[in-house]
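Hi everyone, thanks for coming. Let me put the structure up, and then I'll walk you through a few parts of it.

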Amino acid sequence: MPIDKFKTLTSPGIPLPIENVDTDQIIPARFLKAVERKGFGDNLFRDWRYDSNNELIEDFALNNPKYSGEILIAGKNFGSGSSREHAAWAIYDHGLKVVVSSFFADIFKGNALNNGLLPVQVSEDFLTQLFETIEKDPKSSFEVNLKEQTFENKATGESVSFEINPYKKECLLNGYDDIDYLVNMKDEIEQFEKNR
Amino acid sequence: MEPKTLFDKIWDAHVVKQVEGGPNVVYIDRHFIHEVTSPVAFLGLEKRGLKVLRPEKTTATPDHNVPTINQHESIKDELSRNQVEALKNNCTKHGITHHGLGTEGHGVVHIIGPEMGLTQPGMTIVCGDSHTSTHGAFGAIAFGIGTSEVEMVFASQCIMQPKPKKMKIAVNGTLKEGVTAKDIALYVIAQISTSGGTGHFIEFAGSAIESLTMEGRMTLCNMSIECGARGGMIAPDETTFEYVQGREHAPKGEEWDKALAYWKTLKTDEGAEFDTIYEYDAADIEPMITFGTNPGMGAKIKSSIPTGDDLSGSDKISFDKSLEYMGFNPGDQLEGKAIDYVFVGSCTNGRIEDFRAIASFVKGKQKAENVITWLVPGSKAVEKQIIAEGLDKIFEEAGFALRQPGCSACLAMNDDKIPAGKYSVSTSNRNFEGRQGPGARTLLASPLVAAAAAVTGKITDPRDIM
């Protein structure tokens with residue numbers, strides 16, 4: 001499906017200073033049984049958001065009312081583990097548009113980009129500063145400008161640039177997806193098959 | 001000609017187009033699908049009014065969700081049943097071969113592909129499952145993809161991927177007795193961490209790797225995703241050709257000769273460059289077991305849990321959180337810790353060789369009374385072979401129950417869940433929090449270490465009771 005166009009956003013961040021957040025934490029396997037893309041946002045970080053009696057764990061960042069916004073800021077090696085795209089769907093459907101970390105697992109990164117969820121990779125030092133900024137003031141905001149490839153910590157005024165594949169950047173800015181691109185290549189693909 | 005790596009040879013032969021400033025359009029030879037990551041891709045395809053371009057290149061089987069007992073009955077869990085039925089219906093609609101529950105060809109997708117000869121050297125192979133890396137054991141480029149990419153393969157038989165970097169991991173020397181491919185995997189991941197391979201495709205090489213059987217090579221390549229790599233591969237050799245020859249979908253006659261001649265060219269040329277190289281001595285590898293909540297948190301079975309004193313900041317927070325979840329203390333001895341469950345199976349260690357290893361170990365021994373064991377064959381073919389060889393009798397006499405094929409307790413999507421707080425020595429691939437059920441505590445290990453734990457009821461070096 002065409003994805004939503006990514007627009008510059010300014011928002012507070014939700015901190016998750018844990019490393020190696022794997023896809024089983026993002027969305028446990030037992031919630032992958034749907035045959036449609038529906039309802040995954042409700043089960044985002046299910047076992048960290050709810051205890052074994054299904055009671056909300058109030059101090060978990062996503063439940064804590066002092067945190068808000070569309071940017072998730074997480075420890076290094078975010079999204080390791082399975083290839084389930086449900087992880088990217090769950091984050092996006094929960095209302096988050098950007099995940100910031102100092103390192104992303106490959107498959108997660110690809111899945112995120114294919115769904116309009118922007119992974120922003122920053123240095124470990126900068127990431128630490130982001131956590132400190134939020135700790136001081138949870139309402140302080142960050143600006144994500146995809147066109148300029150910049151991420152700004154409004155509280156400190158420090159802005160860093162981030163990498164993104166130029167093709168993927170165009171896709172996100174314009175809401176294109178790869179399937180349209182590939183379907184338009186049908187003749188070239190058939191030619192490739194003939195030449196093998 | 002410029003020397004090329006094994007990876008480059010195969011990748012370059014499959015690039016349909018290099019997108020300006022973007023990824024490669026890569027042609028896919030073999031596509032495997034299962035019930036969990038395909039339904040939304042089929043829906044997407046239909047919403048666009050598209051058909052599956054090359055249905056003969058896709059093979060389906062339900063594995064993640066299926067029960068591992070009473071498979072002849074209708075699946076009780078409604079959501080699981082819906083997914084399994086949706087896969088069957090989608091395959092019928094789109095002309096895709098489907099190996100349904102209970103049929104001869106059924107099994108874990110990464111087990112049946114090689115068994116049927118669908119997995120061959122030189123291929124590009126994808127599946128909406130990260131352990132697709134398993135097929136790299138044959139000298140193929142095989143990796144896991146997301147559902148959007150599954151839809152891409154349906155629509156165009158291609159996906160768009162940036163070319164990864166290349167890593168070589170060489171293990172030279174002779175493996176000690178009791179040390180298996182699983183131990184090599186856990187050892188390497190403990191060395192380079194769960195993110196050490198990110199952005200890379202690994203080629204495993206060296207004499208210790210060459211000495212592995214195809215089953216062992218599959219176990220090792222299967223786990224390559226656990227160090228963050230897109231996949232792992234091993235150059236095909238006589239061991240590979242012998243395994244493939246004669247299988248249902250393997251080339252026959254003249255086609256075989258032609259294929260074989262090509263496959264023999266699939267090795268890294270002398271002087272070809274890698275972005276990253278690691279070298280290990282096989283003699284340094286011991287039976288391994290994990291103690292934490294990611295596969296990089298593994299140690300030699302005779303050692304202790306690290307103290308974590310050298311860590312700080314978020315590293316320390318994550319380490320402490322992990323040990324707290326596991327109910328372990330820093331510095332604890334691993335041997336002797338009591339365990340509750342043993343799970344043998346999964347795409348990592350659910351092949352016939354794994355069950356043979358366990359059978360020969362437990363023959364004449366008895367399962368510890370307090371331990372619950374689940375032996376889950378990776379496929380119907382493995383199950384049949386277990387019975388044909390009489391291994392099921394050995395298991396029965398030792399007090400182990402044999403179940404039916406599926407992913408089972410590896411990810412606990414079906415009823416095979418480890419209860420909260422219980423310790424499970426598991427031959428699967430991930431020890432993440434809740435992976436084997438909410439609150440379950442997973443210790444990853446080889447089939448031998450799992451068998452030893454089943455017999456003694458605690459973490460045990462199998463070499464001590466062989």
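**Strands first, then the interface**

Let's start with one pair of residues: in β5(B), B:His98 is the bridge partner of B:Ala60. Before going further, please keep in mind that this is a predicted model, where local features need pLDDT of at least 70, side-chain atom pairs count only at pLDDT 80 or more, and totals for chains, interfaces and linings use all residues. Residues are numbered from 1 along each chain as its sequence is written, chains are lettered from A and ligands numbered from 1 in the order in which they are written, and side-chain values use heavy atoms, with hydrogens and water left out.

How confident is the predictor? The mean pLDDT of chain B (pLDDT is the confidence in each residue, from 0 to 100) is 97, and 100% of its residues reach 70 or more. For the model, ipTM is 0.96 and pTM is 0.97.

Back to that pair. Strand β4 of chain B, residues 58-60, runs parallel to β5(B), with 2 bridges between them. Helices (H or I, at least four residues) and strands (E, at least two) are DSSP runs, numbered from the N terminus, and two strands pair if DSSP finds at least two bridges between them. Both strands belong to an open sheet of 5 strands in chain B, with parallel pairing and the order β5-β4-β3-β6-β7. Because β5 (97-98) and β7 (141-144) of chain B each have a single partner strand, they stand at the edges, and one side of each has no neighbour in the sheet.

Further along chain B, β15 (residues 341-344) and β16 (residues 372-375) run parallel, joined by 4 bridges. There, B:Val342 has B:Thr373 as its bridge partner in β16(B). On to β17 (residues 401-402) of chain B: 2 bridges join this strand to β16(B), again parallel, and B:Leu375 is partnered with B:Leu402.

Now the interface. Here 53 residues of chain A are in contact (heavy atoms within 4.5 Å) with 66 residues of chain B. The two chains bury about 4900 Å² between them, 59% of it on carbon and sulfur atoms; that is accessible area (1.4 Å probe) lost on being put together, summed over both parts.

How many salt bridges does the rule find across the interface of chain A and chain B? There are 8, counting a side-chain nitrogen of Lys or Arg within 4 Å of a carboxyl oxygen of Asp or Glu. B:Arg54 and A:Glu190 also meet through their side chains in a salt bridge, at 3.8 Å, N to O.

Key: pLDDT = per-residue confidence, 0-100.
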